[in-house]
Structure formats: structure tokens, C-alpha cells
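Please have the sequence and the 3D view open as you read.

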Amino acid sequence: MIAAVLWTLAGMALLLLLAGQANTQVKVFWAFQPPLDALLAYSAWRVYRVATGALRRFWLVLAFTGALFTIGDLTQAIVALTGEGQWSTTGGVVQGVCFGIGMSATIFAMLLHPMPGRSRREKLAFWLDSATVLVGGAVVAWCFTVGPDGNDNVVGTLAAGAVILTSGFAAVKLALSGNAPMHKAAAIPMVMSAGVNSIGFFLEPGADGPMPAYVYAVRLLPSLLIGMGPRIQQILARFDETTAFGSRRRKPYSLLPYGSIAVAFTAVLVVTPEGPHARLWGAMTGLGLIFVLVVCRQLAAFHDNTRLIDQLDATLADLREHEVRLRQQALFDGLTGLANRTHFHDEVTAALDAGRPGSTSLMLIDLDGFKAVNDTLGHAAGDVLLAGVADKLRASVRPDDLVARLGGDEFAVLLRDCDGDDAERMARRILHAMTEPIPFDDTAVCANASIGIACAVDGHRVDSLLHDADLAMYAAKREGKGTWKRHHPSMRVTIR
């Protein structure tokens with residue numbers, strides 16, 4: 001690569017030293033081209049040997065293009081070295097055919113390179129951005145290559161400009177896609193070659209005689225740049241194939257189309273003072289097309305924004321639903337849907353802190369014979385029994401009361417604004433509801449329960465209130481189960 005740079009600098013220096021000697025300059029120009037083309041062909045072939053998939057196809061096409069360039073430029077170098085009276089950098093038939101086929105193959109390889117991970121709408125937005133860049137470049141080409149009357153070798157100028165713009169467009173496509181088949185360090189000189197090639201063309205677009213020495217020098221430089229890209233890629237692939245060919249993270253937006261628009265408007269402003277003429281009308285037509293493309297791109301962006309907002313709303317709804325599920329799991333029993341022990345403790349604490357002495361009561365309910373149901377009918381019957389009891393408790397209490405499952409076959413009820421007498425009436429209602437059997441398969445299971453009641457007084461906390469209700473519940477069981485007992489201070493002594 002260093003040799004190629006030195007070779008090109010030597011050629012450019014010779015071209016500048018031979019200023020005014022057009023025939024000799026052309027001989028030097030063509031003589032320095034084939035080695036640079038050979039660098040392109042050789043390096044691309046070496047990269048092709050280590051690449052895979054669509055990358056392998058792209059580098060094979062580029063190696064084929066380099067071979068065609070070498071053949072065409074070598075043929076033209078022989079013609080230039082053996083001929084006289086030549087001044088143009090435009091080659092003959094063989095060179096033109098080789099250049100046209102190779103350039104077309106490369107452009108198609110770049111345009112057809114896949115863009116994975118994009119939706120159809122994202123691809124549409126990408127092509128609109130790319131088309132904006134292309135039209136912007138065409139406006140600039142029209143403004144600076146076509147004569148005011150529109151008759152200065154328009155066909156030839158636009159044909160050459162079309163090749164340059166299309167190659168530039170293909171390079172932009174790879175840059176925007178984030179999936180270029182080469183490392184960024186290798187892509188930069190190849191993209192620069194398209195830019196320098198455009199500069200060299202616009203310096204003397206319709207020259208019909210010898211050109212300044214610097215034009216020859218500028219037109220030699222792209223051959224070096226396009227050959228350096230594959231060489232850099234080959235060097236990078238030699239050390240790490242993964243990072244050398246890895247897709248880069250593409251940006252969610254690109255400023256390149258807007259830069260193209262700014263350049264096109266600037267070009268129109270430059271030619272506007274000349275008055276109405278072919279260049280101005282063509283440029284205005286191009287700007288109109290750019291306007292249409294930009295409008296279409298914004299409509300696509302609006303649609304994408306709407307879709308993203310809808311997705312965000314759906315995501316937020318899912319998060320809220322997930323939050324509800326987590327809260328449900330954290331505060332409620334999975335089988336019965338009743339409050340769990342943690343939630344029940346919190347609610348009882350809040351009721352004791354906010355209530356008046358004697359206004360808060362608590363029931364502790366333990367099922368009688370639950371183990372026998374599990375042992376004889378199975379755990380499925382036990383689950384049906386627990387769920388049925390939960391339904392009966394919910395139906396028996398008031399709307400402001402809280403029913404909880406503390407674990408196993410033990411339930412509790414928080415009675416807000418309820419004194420001891422009301423709590424006793426509630427216990428009788430619950431025991432009456434328990435007498436109705438709960439269907440299970442072809443049979444029915446009955447739930448019997450012992451209920452302990454404790455009414456809050458000054459100094460009661462959750463644990464002490466639950467303890468008092470527990471003592472009352474065991475006192476009920478001692479009397480034969482299936483009944484209720486209200487806590488009395490004497491029960492502590494009695495149970496001991």
C-alpha cells in the first residue's frame with residue numbers, strides 16, 4: 001500500500017512537471033493506471049478468499065472489476081504509449097467496455113447488497129433518503145456541466161455524470177445501511193474515490209482539448225483510493241475476521257440527505273443570477289423532485305412515529321398489567337384470591353391506628369376435618385374446598401371487611417367498625433354458610449370450621465390481637481368444633 005501511494009505521488013508529480021505537454025501527460029496518466037488496478041484486483045481477491053455469504057459475492061465482483069480495469073487500462077496504456085496527438089483521459093473502445101462492465105457490476109453489487117433486520121417501511125425510508133442524495137447530486141451536475149442553452153455535449157456529459165452519481169449513490173447506500181461489506185477504515189477511501197472522481201469530472205466536464213496539469217493529477221488519484229480500500233480490508237481481515245466484516249450499528253437517522261439538499265440549493269443560488277436558462281430550469285425541476293421526496297420521507301417518518309407511540313402505549317399497558325400481576329402475587333393468595341398474611345397484617349395495622357377502641361374486631365377461622373378431605377379425596381378436592389370456603393367468606397362479610405388466607409386451612413377476617421356483638425352475629429352467619437356442601441366431581445365436600453373472635457382494645461397490636469383470636473379459636477375447638485368463641489382475658493389461664 002505504501003508502494004502504491006508513492007507510485008501515485010510520483011505519477012502526479014510527473015503530470016504537474018509536464019504541464020503544457022498534453023500528449024506526454026496522457027502517456028504518463030495511462031502508464032501509471034494498470035499497477036493501481038492490479039492492486040485493486042489482487043487485494044479484492046484475497047479478501048474474497050476469507051469472506052463468507054453475501055460478503056464473499058461482493059468481493060468476488062470487486063475482484064472481477066479490478067481485473068477488467070487492469071485489462072482495459074493496460075490496453076489503453078499501450079495505445080497511448082505508441083500513439084501521438086492524444087490529450088484526453090477518456091479511453092478507447094476496449095478500455096471503455098471494460099470500465100463500463102466493471103463499474104456496472106460493482107454498482108449492482110453495492111445496490112443489491114442485503115440490508116438485514118429492516119422492516120419494509122424502514123427500507124422505503126432508506127431508499128427515499130438515498131434518492132434525495134442522488135437527485136441532489138444530479139442538480140449539482142446539471143448546474144455545473146450543462147451550458148446555459150442546454151446544448152453543450154449534454155448526452156456525453158450526463159452519461160459520464162450518471163456513472164459518477166450512481167457509483168456515489170451506491171456508496172452512500174452502503175454507508176447509510178450500516179451493513180457495508182467492509183470495515184469503516186476500508187470504506188472511507190473507496191467513498192472518497194467517488195468524490196474525487198466527481199471533482200475531476202466537474203473540473204473539465206466537457207473539455208474538447210488539452211486540460212490543465214492538475215486535472216490529470218486529480219483524475220489519477222481515484223485509482224489509488226479505490227485500490228486502497230480492499231488492501232486495508234485485507235490487512236484487517238488478516239488479524240480479526242469477526243470485527244473486519246461485522247455489521248456496524250446504524251444510526252436511527254442520517255444527516256446526509258439534508259446535506260445533499262443544502263448543496264443542491266446552493267448550486268441553484270449560484271446559477272440563478274444568470275437569469276432563466278436551461279441550467280436554471282433543470283435545477284428547479286430537480287429541486288421540485290427533492291421536495292416531493294422529502295415530503296414522502298416525512299410522511300413515512302410520521303407513520304413511524306405513530307407506530308412507535310402505539311408500541312410505547314402497548315408496552316406501558318403491558319407494564320401496568322405486569323405491575324398489577326406482581327401486586328396481586330405479592331398481596332393475595334394464588335389459590336383463593338384472598339389477601340395473604342402480609343397484606344392482612346398491613347390492613348389490620350392501619351385499622352388499629354385509625355380506629356377507636358372496640359371498633360375493630362378480628363376473626364380467626366380454622367377448618368375442621370380438612371386433612372381428612374385431603375387424605376380421602378385427594379389434594380384437588382382440598383383445593384376446591386379451600387376455594388369454596390373463600391367464596392362463602394366473601395359472601396358472608398360486609399363490603400368493607402377484609403378476608404384473608406393466612407396459610408393452609410387457616411383464614412382470618414378483619415371487621416372494621418364492628419364491636420363484639422356484631423362480630424358474634426357475623427360468626428353465626430359464616431358458620432351457617434359453611435353448612436352448604438361444596439360440589440366436587442360427582443360428590444360434595446362439606447366445610448366445618450371453628451372461629452375465634454378478638455375485639456381490639458387500647459394497647460392491642462396485630463400480633464397480640466391475632467394471638468387473642470387464636471386462643472378463642474382453640475377454645476371453640478375444645479368445645480366440639482363447628483362453633484365460635486369470643487376472646488376473654490380468662491382464656492389465657494384456661495388454655496395453660
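What share of the contacts in the protein chain with a separation of 6 or more comes from residues 24 or more positions apart? The share is 75%, where a contact means heavy atoms within 4.5 Å.

This is a predicted model, in which local features need pLDDT of at least 70, side-chain atom pairs count only at pLDDT 80 or more, and totals for chains, interfaces and linings use all residues. Residues are numbered from 1 along each chain as its sequence is written, and side-chain values use heavy atoms, with hydrogens and water left out.

1. Overview. The protein chain has 18 helices and seven strands; these are DSSP runs numbered from the N terminus, helices being H or I with at least four residues and strands E with at least two. Of its 496 residues, 47% are buried. Buried stands for under 20% relative accessible area and exposed for over 50%, with partly exposed in between (1.4 Å probe, protein chains only).

2. Helices H1 and H2. The axes of H1 and helix H2 (residues 22-31) come within 9 Å and cross at roughly 175°. Axes are lines fitted to C-alpha atoms, for helices over the stretch in contact, and angles run from 0 to 180 degrees between N-to-C directions. On the H1 side the contact is made by Trp 7, Gly 11, Leu 14 and Leu 15, and on the H2 side by Gln 25, Val 28, Phe 29 and Ala 31.

3. Helices H1 and H3. Helix H1 (residues 2-17) also packs against helix H3 (residues 33-50), at an angle of about 155° and with the axes 10 Å apart. H1 and H3 are therefore roughly antiparallel to each other too. Ala 4, Trp 7 and Thr 8 of H1 meet Pro 35, Leu 36 and Leu 39 of H3.

4. Phe 69. Look next in helix H4 (residues 53-82), where Phe 69 has its place. Phe 69 is buried because its relative accessible area is 9%. Not counting residues up to four places away in sequence, Phe 69 touches several residues, including Asp 37, Leu 40, Cys 98 and Phe 99. The C-alpha atoms of Phe 69 and Ser 223 are 9.7 Å from each other, although 154 residues separate them along the chain.

5. Helix H14. In this helix (residues 370-377), the buried residues are Phe 370, Val 373 and Asn 374. Seen down the axis of H14, they fall within an arc of 95°, so they line one face of the helix; the arc is that of the directions from the helix axis to the C-beta atoms. They pack against strand S1 (361-368), helix H15 (379-396) and strand S5 (443-445). Lys 371, Asp 375 and Thr 376 are exposed on the other side of H14. Just after H14 comes Gly 378, with a positive phi of about 100°.

6. His 460. Finally, visit the loop between strand S6 (448-455) and helix H17 (462-478), which holds His 460. His 460 is buried because its relative accessible area is 12%. A polar contact of 2.6 Å links its side chain to that of Asp 468. Such a contact is a pair of N or O atoms within 3.5 Å; within protein, one must be able to donate a hydrogen and the other to accept it, and residues adjacent in sequence count only if both atoms are side-chain atoms. The side chain of His 460 also reaches the backbone nitrogen of Val 457 at 3.0 Å.

How values were computed: Parallel < 35°, antiparallel > 145°, perpendicular 65-115°, else oblique.
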